[in-house]
Amino acid sequence: EVYRVSPLPIELIGFEARAAADQVDLHWSTASELNNAYFSVERSQDNDAWSTVATVPGQENSQSVIAYSSVDDDPPLGHIYYRLRQTDLNGTSTCSMVKVVYMAAASAPQLWPNPATDRMHVAGTDLPALVDVMDAQGRRITLPVQPSPDGPSVDVSALPPGRYVMVLGDAGQHATFIHQ
């Protein structure tokens, strides 16, 4: 399906925005271009105030299908609105239809094995050099993070048996585990 963007000198085939892990992938293509200077990918959190996240040069003049792509590598969380602004050589511009993407918070960190007896492996988050572990009474114990073949790990062998909460990173992510 070809959308004619008037009065601009391009035939926009489509514009897509898709959430992918911690970025938004943006793709569009044109069927033809005449005096097309560039495209600006614009982002908004309220569908009112827009900022440019990428600028991609156009082909100026073309009668064949051209595919374009860009990435928003620092999207905010929640609903994000994207539009494509096309600007021709004389400065005239117009915008595409708006696409909406939802960026969820990173998944909760995973700890294994759980329950643990000596070493707790951690996945799903970036770890600092030290992590805080809190016991059932709210006491904080700081433990070093060590590399291992299965990813980052924490030696919990010195902890008394019980239920603990591991605080992971500045974002305050946490996960509960049992030490036997």
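Predicted model: local features only at pLDDT ≥ 70, side-chain atom pairs only at ≥ 80, totals over all residues.
**Exercise 1.** Find how many aromatic pairs the whole structure holds, and work out which geometry Phe15 and Trp28 adopt.

*Solution.* A search of the whole structure gives 5 aromatic pairs. One of them joins Phe15 and Trp28, with 6.3 Å centre to centre and 65° between the planes; because planes over 60 degrees apart count as edge-to-face, this pair is edge-to-face. As for position in the chain, Phe15 belongs to strand β2 (residues 10–20) and Trp28 to strand β3 (residues 23–44), so that the pair links distant parts of the chain, 13 residues apart. Phe15 and Trp28 also form one aromatic cluster with Phe39 and Tyr68.

**Exercise 2.** Determine which geometry Tyr164 and Phe177 adopt, and where in the chain the two residues lie.

*Solution.* For Tyr164 and Phe177 the rings are 5.6 Å apart, centre to centre, with 20° between the planes; because planes under 30 degrees apart count as stacked, the Tyr164 and Phe177 pair is stacked. Tyr164 sits in strand β14 (residues 162–168) and Phe177 in strand β15 (residues 173–179), and this pair links distant parts of the chain, 13 residues apart. Finally, Tyr164 counts as buried at 4% relative accessibility, and Phe177 counts as buried at 0%.

Conventions: Residues numbered from 1 in each chain as written. Heavy atoms only, no water. Phe/Tyr/Trp six-rings, centres within 6.5 Å; stacked < 30°, edge-to-face > 60°. Helix = DSSP H or I, 4+ residues; strand = E, 2+ residues; numbered from the N terminus. Buried < 20%, exposed > 50% of the residue type's maximum accessible area, 1.4 Å probe, protein only.
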